[in-house]
Amino acid sequence: MSYVAEPPRFDLNDPAPASGGDLVPGSVWRKYYRVWRVSLAERMTYRGDFLLGTFLRFLPMITTILLWQAIYDGSGQSSLAGFTYNQMIAYLLLVHISRMFSSMPGLAAGIAREIRDGTLKKYLIQPLDLLGYLISYRAAHKMTYIVTAAVPYGIIFFLCRGFFDTMPSGPVFLAYLASLILAFLIGFYFEAAVGMVGFWFLEVTSVLYIVMTLNYFISGQMLPLDLLPPFWVGVLKAMPFQYMAYFPAVVFLGKVQGPDLIWGLAIEAFWAIFFAVLARVLYSRGLRRYGAYGG
Amino acid sequence: MSATIETNELPASGAMTWRRYPRLYGRLGLFTLVRELSFRGNFLVKMSVEILWLGIMLAFYETVFARTNLVAGWAKQDYLFFVGCYFALNGVIETLFLENCNEFSNLVRTGDLDFLLLKPIDEQFLITCRRVDWSVAPNVLMGLGVMLMALWNKGWEFDTVRVALFGVTFACGVAISYAFMLVLTSFSVWLVRNQSLMEMWWLFSSLARFPREIFQRGWAVSLDVVFTYILPILLVVNVPSRVMVKAIEPRMVGFIAIVTVASLAVSRKFFQRALRSYRSASS
């Protein structure tokens, strides 16, 4: 089931400049807005596949619910590491939302490929910044995904509403949204920074596989980090990976509140800036080494 | 389009024909091993990822069993044996069949399937067994290692009957999984694209990762019935694991044997039916 969206229309008389010769701030924004709009249209082409894929992705949640039910029954306790059974399932559902924002499939591998085969030079000869282009592109893809997935996610969350004992207050919900947007930025710039390593090592997909596999566990996608031994809880909460899955979910559940919540968001913002700067520095340093292979 | 070309080089009798399959499979395995070793870096990375993945699974269950002694009636070492059995069985499937089945839709789309169908050999054998993915073969050993470690920690006493039954039921589990994959692969003839089919396989195999007992409560009982007796994917890891670390259930051992024969026969028929619907794309 797939619907073909209307192809994007380009108005040649549009006053937006085609070159970067007159880079007034408005035109820069318009340029990346165009990238975002084209990417949006591209992404909407296969929304039927989207719906099916999203439903399929949630099916393992059934076995996860049953497994945790068995774990709680076996333990004979109503709460494990401060999580009741309902909170545990709610957490594992919310992690899907976190990952919806922070996962960037193919980003690092794509950057590394463009470095390797020389197609990166298109960003050098056109008035287009690589990171600016990619973040516009990803933002459009994420937005489409979120809008398209709203129906299946809505149905699944409605069916699982019994696991959500309480809903966050207005300010907490705003903090949750902020944590998700920061999760998107951390996910984007982290992967972009990994991709930039391609300037020094031609093959980074292998490193990427290992990092992503490890990230699955240490970001709290499998279980809340609080269940781990105290030493590992300390180590993993000091790392940026928790902000890609764990942190937004516990914010929603109200487990981080008051000054801890503000402090948590500040640290999350720090990591977003850190990776943005790192990706930018690696890009500019990498360009000095860039050989533009590929003719 | 099923073709059998007879030449003077081919053995005349059926017995002779079947005897060449192990030799041919050995050659295909050797060829893919040589190819794999040409990319040793890739081999090592894929192996590292698999080791890491097993480590993550073990860390998950270590964390869980730090909080409870039993999960669905399975004690820690019994459960770890189950995890090892799943890892080994999945390793066998991925090593021998997954890559071949994944490739099938490409063969259909490009029309390259023609070349395979013209070969004087069984189509199902050639399509599903022509490549061995050696990079995931160590998973079988890793799974075996986890199983042995769990048995050692459990203080398991050697029992020939259990080991023999485990060998048989494990082979049955592999065969049933293969049959499932073959049916899903066959759909590629009609659908051409198989991405969602492989997602279906992933979903099926993710069901096999858990003991049946977690499904035996409330609304999940219907899932247990469906995936044990109608689409019996829950049998493939549960039966061999139970034979080794729980009470032997002759009824389930007999049942998995019957299911194996039936699923292999049905999947072969279905595959042949799919091939008859194949309309060569390129010619």
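Trainee: Which side chain does B:Arg217 meet in a salt bridge?
Mentor: That of A:Asp73, at 2.4 Å, N to O. A salt bridge here is a side-chain nitrogen of Lys or Arg within 4 Å of a carboxyl oxygen of Asp or Glu.
Trainee: What should I keep in mind about the model and its numbering?
Mentor: This is a predicted model, where local features need pLDDT of at least 70 and side-chain atom pairs count only at pLDDT 80 or more, while totals for chains, interfaces and linings use all residues; side-chain values use heavy atoms, with hydrogens and water left out. Residues are numbered from 1 along each chain as its sequence is written, and chains are lettered from A and ligands numbered from 1 in the order in which they are written.
Trainee: Back to the interface. How many salt bridges does the rule find across it?
Mentor: The rule finds 1 between chain B and chain A. Polar contacts come to 4 residue pairs, both residues at pLDDT 80 or more. A polar contact is a pair of N or O atoms within 3.5 Å; within protein, one must be able to donate a hydrogen and the other to accept it, and residues adjacent in sequence count only if both atoms are side-chain atoms.
Trainee: Which element of chain B gives the most to that side?
Mentor: Helix 2, with 11 residues. Helices (H or I, at least four residues) and strands (E, at least two) are DSSP runs, numbered from the N terminus.
Trainee: And how much area do the two chains bury between them?
Mentor: About 2800 Å², 78% of it on carbon and sulfur atoms. Buried area is the accessible area (1.4 Å probe) that two parts lose on being put together, summed over both. In chain B, the residues that lose the most to chain A are B:Phe60, B:Arg67 and B:Arg217, together 24% of what that side buries.
Trainee: How many residues are in contact?
Mentor: 31 of chain B with 32 of chain A, contact meaning heavy atoms within 4.5 Å.
Trainee: Changing topic: what is the secondary structure of each chain?
Mentor: Chain A has 12 helices and 2 strands. Chain B also has 12 helices and 2 strands. The order in chain A is α-α-α-β-β-α-α-α-α-α-α-α-α-α, and in chain B α-α-β-β-α-α-α-α-α-α-α-α-α-α.
Trainee: What share of the residues is buried?
Mentor: In chain A, 48% of 295 residues; in chain B, 51% of 283. Buried means under 20% relative accessible area, exposed over 50%, partly exposed in between (1.4 Å probe, protein chains only).
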